[in-house]
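Visitor: I'd like to go through this one label by label. Can you show it to me and tell me what stands behind the terms?

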Amino acid sequence: MTDWLAGTWAVFQKDVQIELRQRVALNMLGLFVLATLALVLFAVGQETLSPAVQSALLWIVILFSASIGLGRTFVSEAEAGTLLLLQLHVRGSMVFAGKLLFTVLLVLGLNALAVALFVLMLDVSVAAPDLLVGVLVLGALGLSGATTLLGALIARATQRGPLLPVLLLPVLMPLLLSVVEATRIALTGGTWRAAQDEVLTLIGFTGTTITAAVLLFDYVWQE
């Protein structure tokens, strides 16, 4: 167990150090969020958006930012020629856990940035911040689980660029429906009980996605 945790932490630490040095994903995610919200602000103007529209716009920004910037965790390994090195020295479960932790960290940062800019630029009021934080965390876990497995798949493809958004959108449909509705409830001051169905769906989706990714990752990683 100690060796497994050490291997997982080594993969996570390597990705963090590379990202802090190169800042490819950070710059890509930050610029995309800022540009998208600026476009939304320009299009909306002085109009007042309903909470349903606000929650949908927020998760559209998060989803498309993630589909553009999060697929590079494995693609960068393929481009640098380090996939074989990882396969020889680290077990697949360690690679998955380390990459998953790194992706969760990125998505949580993406969510925090998107919500902060969304609230400031569109003057959105959050009536139930605790519920919103819970929804963002659950959404980040589900999004990270799906992205990590799909990132390993597309890293072996010759045309990697457009594959992640194409594969990600159908997989994330249950998550998107739940997070948009739960976010709307949070914006309008609803309680955890009011969002119970959506929260349970998010927990089930996250658990199912990560469990399936754990079971399938060794096959994807070795083949």
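Visitor: Why is Asp-15 called buried?

Guide: Bear in mind that this is a predicted model. Asp-15 has a relative accessible area of 7%, and buried means under 20%, so Asp-15 gets the label.

Visitor: What makes the contact between Asp-15 and Lys-99 a salt bridge?

Guide: The N to O distance between their side chains is 3.2 Å. The cut-off is 4 Å between a Lys or Arg nitrogen and an Asp or Glu carboxyl oxygen, so the pair qualifies. It links distant parts of the chain: Asp-15 is in helix H1 and Lys-99 in helix H6, 84 residues apart. Lys-99 is buried, too.

Visitor: Which residues join Asp-15 in a network of salt bridges?

Guide: Lys-14 and Lys-99, through bridges that share partners. Lys-14 meets Asp-15 at 2.9 Å, N to O.

Visitor: Why is Lys-14 called partly exposed?

Guide: Its relative accessible area is 24%.

Visitor: What about Glu-198: buried or exposed?

Guide: Buried: its relative accessibility is 17%, and the cut-off is under 20%. Glu-198 sits in helix H10. Setting aside neighbours within four places in sequence, Glu-198 contacts Ser-178, Glu-181, Ala-182 and Ile-185. Among these, Ser-178, Ala-182 and Ile-185 are buried residues of H9.

Visitor: And why is Asp-123 called exposed?

Guide: Asp-123 has a relative accessible area of 70%, and exposed means over 50%, so the word applies. You'll find Asp-123 in the loop between H6 and H7. Its phi is near 55°, a positive value in a residue other than glycine.

Visitor: Which residues have the most contacts inside the largest nonpolar core?

Guide: Ile-62, Leu-131 and Leu-172, in a core of 48 residues. Helices giving two or more residues to this core include H1, H3, H6 and H7. Beyond four places in sequence, Ile-62 touches Leu-110, Asn-111, Ala-114, Leu-136 and Leu-143.

How values were computed:
Residues numbered from 1 in each chain as written. Predicted model: local features only at pLDDT ≥ 70, side-chain atom pairs only at ≥ 80, totals over all residues. Heavy atoms only, no water. Core = buried A, V, L, I, M, F, W, Y, C linked by side-chain atoms within 4.5 Å. Buried < 20%, exposed > 50% of the residue type's maximum accessible area, 1.4 Å probe, protein only. Helix = DSSP H or I, 4+ residues; strand = E, 2+ residues; numbered from the N terminus. Contact = heavy atoms within 4.5 Å.
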